[in-house]
Structures are given as structure tokens and as C-alpha cells.
Amino acid sequence: ASYRVLGVSPPITLLPDYSFAQALIRFGFLWEEPHTAEDLTARPLWNVLSDQGVPVGVIGWPLTQPASPVRGYLVSDRLHRLTPAELDIDLPSSVWPPSMLETARLGLSTTPDPDPVALVSVLGAAPPAGDYDVASDPMPVVADRVHAALLAAFATIPARFVAVRFPGVDAVGHYFLRYAAPSSFGDVSDEERRRYGRILEQYYGFLDTQVGRVIDTLGPDDVLLVVSAFGMEPVSPGKRLLERMVGNAAVSGTHERAPDGFLLAYGAQVQPGRPPRGSVLDLAPTVLYFFGLPAGRDMEGFARTELFRGAFTAERPVTYIPSYGR
């Protein structure tokens, strides 16, 4: 998003850390303006691959509304937010190509097994909403249910590159970390631990199920990348007090001083081991390298060739072009 002070110009493009800026949004001092796909200043990886002849499938990634034409299919990050009354009006702008609208409808009406919403609600806990805002709508857990169903519904459509986002575990971590790690908080009752202590673990089980199903479909030339951009840690005592003051007493997890995220690579072409620490910026050049395409010299990351076996990299040098454009 971009932000405006009391709703006036000029916009603020980045909020500072450690200054309680989210509280300024809640109290109305900063006006939040969410971005759309039309605000992007660089081309997404799936558009680059599509233009190079690689069929793609994209489900639920940020800044994909309105859905842009690609070789393959794209479901925007807005689809799971649509109410039944909004579907007929907004569905065409959320799914590409138009021929896939009925498949998307089918996915919306399907409940995956396991159901992430049920995992959270079965123990009497409300599914968590967006970061630091338990009243926001829609809920990332609902997004995960929709994205898992759509991944299954679109499984028969040929695509060499598929990217699916599951935002629910982040929200579940924010609200249920205290019950998964009660010793870090000191005020979790035995009853709370009994009711909510396994919710975060169960939610990771839901994600493990999705990963396992993808692994079962991998061919000898396929690679699966599981990426978490950041970790999570318990909210500090001072921040807990602030969250209570702004009405977010349930928040217990934060990213402020959290550990790094991770990347897991799986496939016949992957070299076993633990490569050196990398960056999320390395993902796009690495995916391009895997498909035998050059990286753009204006990309900030690097192709991580050490992820792959020597037999794969020996015949595939890293190449470059000036840019894939904007």
C-alpha cells in the first residue's frame, strides 16, 4: 500500500520500522491506499516467462488484480474476497483467461481436505484475519482454502511454471504463537494451552499436505520450491502493551526481529545439501536459469546454480540480457 497523512498528498511509499506506524493507520492519522497490478513498476516473473513461451499458472499472488493476460492462467489475489453477489461482476477481472471462469467457480465451491478454516475453528477459535487487524476481511485462512481448491481444480491445465501463495500460516502465527510457545509469554493458562496449543502445528500440517500432493505429481524434470520470505518471533512485552491499547490484545507473533525465512528445493535435478544463505531476490534469476533463460542484468539477485546437480549445470551456463523491460 501507499499512505497519506490524514488523507492528503503526497503519498508515503514506505513506513518506517519500530515507530508504531500501524497504530497511526488504526487511529486514522495515516490513510492506506492498497496497490493493484496497475501500480507495478517492474514485470512479474510470470509475465517474463509467459512472453518467453513458458506456460504459467499463478494463484493468489499479491498485486495480481486485475488479472493480466498470460500464456496459461492467472487467478488474482482478490478472488477469495468476492461474495456470491460480487462474483458475476468481479469474477471476469480476477481470472485469466475468460474460458477458465467456470473452473474457478468450481474451485470456489470446493472445500479441500484438510480444510484450513476447520483446523482453526474446530477448537473454538475464530479464524484469524489480516495482520494486526482481527476485524479485517477477508481472512488469509479463507484465502488458503480457496487457493488449495483452485490448485486442484486447475491441475489438468498444462503449465510449466506454477506459483501458489498460502498467506494463512502468517496470520495463524500472529494470533496463535503464544499457545504454541507458552513459555515465551508466561500468562497462558492450562485451558488455553489445551484448546489452542496445537493449532499452529495443525496448520503447518495443512501446508505439509499441500506440499506432499505436489511432490507426488513431480516428473523427473520438475523442481518444487517452497519459500517463506520471513520468520516469526514472540511480540516483546512493550509491543504487547501497545497492541492491547489499540485493540489487538490477541496478537502474539511479530516479524520485527524474527529469523530469516527459508527456501526448500526438491526434485531429481536438485543437489542435496545446504547451500549458503541467499536472498529472496535470487528467486527470479534462479527460476529463469532453470528454464534455460537468461537473467536480466537489471535484476538485483543471482541465479543460485548450486541448488542443482553438476550434470544439470554442466550443460547450462548462466547467461544474461540487459533487461526484460518494465
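Is the crossing of H4 and H6 left-handed or right-handed? The crossing of these two helices is right-handed; in a left-handed crossing the near helix is turned anticlockwise from the far one by less than a right angle, and in a right-handed one clockwise.

This is a predicted model, in which local features need pLDDT of at least 70 and side-chain atom pairs count only at pLDDT 80 or more, while totals for chains, interfaces and linings use all residues. Residues are numbered from 1 along each chain as its sequence is written, and side-chain values use heavy atoms, with hydrogens and water left out.

**View 1. Helix H4 against helix H6 (residues 140-153).** Helices (H or I, at least four residues) and strands (E, at least two) are DSSP runs, numbered from the N terminus. The axes of H4 and H6 come within 8 Å and cross at roughly 130°; axes are lines fitted to C-alpha atoms, for helices over the stretch in contact, with angles from 0 to 180 degrees between N-to-C directions. H4 and H6 are therefore oblique to each other (under 35 degrees is roughly parallel, over 145 roughly antiparallel, 65 to 115 roughly perpendicular, the rest oblique). Thr103, Ala104, Gly107 and Leu108 of H4 meet Val146, Ala149, Leu150 and Ala153 of H6, where contact means heavy atoms within 4.5 Å. The contact of H4 with H6 has six nonpolar, two polar and no charged residues (Ala, Val, Leu, Ile, Met, Phe, Trp, Tyr, Cys and Pro count as nonpolar, Asp, Glu, Lys and Arg as charged, and the others, Gly among them, as polar).

**View 2. Helix H3 (residues 84-94) against helix H4 (residues 101-108).** The axes of H3 and H4 cross at roughly 120° and come within 11 Å, and the crossing is right-handed. From H3, the contact takes in Leu87, Asp88, Leu91 and Pro92; from H4, Leu101, Arg105 and Leu108. Five of the residues in the contact of H3 with H4 are nonpolar, none polar and two charged.

View 3. Trp46 is buried, at a relative accessible area of 11% (buried means under 20%, exposed over 50%, partly exposed in between; 1.4 Å probe, protein chains only). Beyond its neighbours within four places in sequence, Trp46 is in contact with Val56, Val58, Trp61, Thr64, Val70, Leu74 and Phe161.

**View 4. The loop between strand E3 (56-59) and strand E4 (72-75).** Thr64, in this loop, is buried, with a relative accessible area of 3%. The side chain of Thr64 reaches the backbone nitrogen of Asp77 at 3.0 Å. Leu63, in the loop between E3 and E4, has a positive phi of about 60° although it is not a glycine. A cis peptide bond, with omega about 0°, joins Gln65 and Pro66.

**View 5. His174 in helix H7 (residues 168-180).** With 0% relative accessibility, His174 counts as buried. The side chains of His174 and His255 are joined by a polar contact of 3.2 Å (a pair of N or O atoms within 3.5 Å; within protein, one must be able to donate a hydrogen and the other to accept it, and residues adjacent in sequence count only if both atoms are side-chain atoms).
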